[in-house]
Amino acid sequence: MAPNRNTDVVKLAVEMQDKMPYLGEFSLHQTLSAFIDLCTHWKSDNPEHYALQYTEPHPHYVSEKNRLNIKDGTVLRLIPSAARTAEDILNKLKKGTPDEKKEGVERLAKMSTDMSFAHEFIAKNGIQLLVGSVEAGRVDPPLLPNMLFAFLELMDHGIMPWDDVQPPFIQKVLSFINSQTVMDKRVLQTSLSILENIVLNSHNLFILVEKEITLPHLLHHISTNKSVDIQQSVLALINALFQKSEDQKRKYWSSTLSAKQYRSILINNILISYQNGDIKVEMAHQLYVLQQLLLNQYQERLNTSMDPNDQDATDKIKELRRIAFEADGEVSKDITTRRLEYKKEYKKLGFKNDINPAVDFMETPPGMLALDNMIFFARNHSDQYAKLVLENCYRADSHECPLGRASIELTKLLTEILKIGETPLEQGQTFHPMFFTHDHAFEELFSICIVLLNKTWKEMKATTEDFSKVISVVRDQIVRTMQDLPSTLDKFRSSINNLTYMEIAEIWNKERINNEEQEMQAPPIKDFLIFMNPIIRHIQIFKTTILTEGTRFKKGRAAREKFWYCRLAPNHKVFHYNDWTNNETAPSVDELPNKVSVVDIKSVVTGKDCPHVMKKEGKKVTAALAFSLILESNIDQTNSLDFVAPDETVFSYWIDGINSLLRQRMTSEYANKDLDLLLNMEIKLRLLDTEGVTIPQQEPIIPPPPPNYNFCYLIP
């Protein structure tokens, strides 16, 4: 037996340039400095000038924080330490020849991602050297991309705060973006990323960036550069500026980005890649963030309650009534006459408060956003709006679809589905291209969905009591259609109109059946079924009840058929049988003199195993419906009682009933169906209190017992 190996000791290989690799062991409790002493293996001087480096998944120094990542088979490399490397690079940047500076910048760009190197380089004022060189314009153009990249990577480690960056450097970076000349793509991309980090991490410097940069100029970079990385960096900077801006400035960002001339830039240069199925994860995330920021601009109206003194809002409500009920050019009646009709007309518009509809918009959410949606629909789709109102005017009161109430609930529903007001998720990637295809995408979406709601109302033949049911169906229609990510609002309209109430009902039914099947396979449910033997007993009682009522069986298939009757005694101990030709009534037990005791039944056989089927002579018998009771002793000079059931149902009932009397398992398909039906009903009844709770596939881990059971409560 092999001796137990110390798990704190790992076997690894260490490489060194132009040297044979070292194979040996390393104790995880040993200090790194002690292990670096293996330099003596290669007879290298000054071991303190060296350090170990991982070779996978990417080169980085071994430190005290990550040393536990060393496992058996790890390959390390012995290279100059981070401090020595940082000093060497700084010397080349300060005093080196042009070729040495180029080499130093390239090494700096590679090493800047390493945390250990970053600490040493920043401690030696390396960032100040980079910033000074860029500010003064002393950097050769070929070196500038790597120098800016190194600066960005060094700052990303969080060792030096972004607030320490000085305005002159930011102005220089801004000049790379605002330059009218063609800029190196790497310089442009890195400059955009630097400004994004400044905006997100420094409030004071954000103000400077916001003043010096314009949205049209940023979007210009998207249209003139086909580089996906640059387009992605532009979107990231726009999103950062959008998030950090004040409310008034956000409205400017929102209105500008929603304008057709700027939306077309996104559609023609970025969203076209989505349509071709070629969009990167990070780009999808930036589009998702931008979409969420644009939608969040509706949050203010969503949480604004109706002010009775708001004349503009009052005029909008009056306009809703006028568009619906006053034809163009109609001469208005006198005010007194019209006021008598206002209440009736507001009621037809579906407002809860038909005397003062403004009260309906006081609840938040959706507040004034619902009124904004209604007036947009009425103004921009006046024909459809008037049609909806007219349809409801000719319906019975109980079948009217209340347009006002429906609009308020639909607005609230859309804000919930689109998560308006919520902060964009860090890992969110799902965006809807259709929101970038219209100046007022949310309002247009509402207009499509309110027509759909009325259509669904008619399909369901709903009444006012079914209002919540209709809303739940409409929610599912919207969610399912949006999951397909239609590219335009027209495609959304076409898809959602094809998803009828009948299809939704069918989908729900299929999902319910699938969920029930999955729940039935869950281990807790299977364990629960073991304790359901009483249900099996109920089925057995039902089957034996059929036997006690008895059945008339055929004796043969001759022209003049004869019949006999068999039934089980009420005490379930004896079968009584005899010839019986009366088809109108069933005989009593006393009218059936022949008897077979249940205790004398040895077994029951079916089909071709039955004695009367096996006989060569005699009349032909249907084997599929034949069964026989095999007896322990001869009765009337026979050792079996033979049956031919009139149909499959009687056959199954008798076989199951006899098996239950003999304390054997019921085997028929009917018994299994009955068992499944009763078990499902029992489980559903017991799981009513767990509705909406996912049943785990594995039972929860039982926590360990407490250290002691000295529980007490101190009364103050």
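**Helix packing and an open sheet in a predicted model**

In this predicted model, helix 11, which spans residues 228-244, packs against helix 14, which spans residues 281-295, at an angle of about 30 degrees, and the axes of the two helices lie 9 Å apart. Because angles under 35 degrees count as roughly parallel, helix 11 and helix 14 are described as roughly parallel to each other. The crossing in which helix 11 passes helix 14 is left-handed. On the side of helix 11, the contact is made by Val-228, Gln-231, Gln-232, Leu-235, Ala-236, Asn-239, Phe-242 and Gln-243, and these residues meet Glu-282, Met-283, Gln-286, Leu-287, Val-289, Leu-290, Leu-293 and Leu-294 of helix 14. Sorted by class, the residues in this contact comprise ten nonpolar, five polar and one charged.

Elsewhere in the chain, four strands form an open sheet in the order 6-7-8-9, and their pairing is antiparallel. Strand 6 (551-554) and strand 9 (594-597) stand at the edges of this sheet, where each has a single partner strand, so that one side of each is left without a neighbour in the sheet. Neighbouring strands are turned against each other by 25 degrees on average, when direction is ignored. Within the sheet, strand 7, formed by residues 563-568, and strand 8, formed by residues 574-579, pair in the antiparallel sense over five bridges, and Leu-568 is found opposite Phe-575 of strand 8. Helix 28, made up of residues 648-661, packs on the sheet and touches strand 6, strand 7 and strand 8, while the direction of this helix makes about 115 degrees with that of strand 6.

Taken over its whole length, the protein chain contains 29 helices and twelve strands, and 44% of its 716 residues count as buried. Among the contacts in the chain with a separation of 6 or more, 65% are accounted for by residues 24 or more positions apart.

Notes:
Residues are numbered from 1 along each chain as its sequence is written. This is a predicted model: local features need pLDDT of at least 70, side-chain atom pairs count only at pLDDT 80 or more; totals for chains, interfaces and linings use all residues. Side-chain values use heavy atoms; hydrogens and water are left out. Axes are lines fitted to C-alpha atoms, for helices over the stretch in contact, and angles run from 0 to 180 degrees between N-to-C directions. Angles under 35 degrees count as roughly parallel, over 145 as roughly antiparallel, 65 to 115 as roughly perpendicular and the rest as oblique. A crossing is left-handed if the near helix is turned anticlockwise from the far one by less than a right angle, and right-handed if clockwise. Contact means heavy atoms within 4.5 Å. Ala, Val, Leu, Ile, Met, Phe, Trp, Tyr, Cys and Pro count as nonpolar, Asp, Glu, Lys and Arg as charged, and the others, Gly among them, as polar. Two strands pair if DSSP finds at least two bridges between them. Buried means under 20% relative accessible area, exposed over 50%, partly exposed in between (1.4 Å probe, protein chains only).
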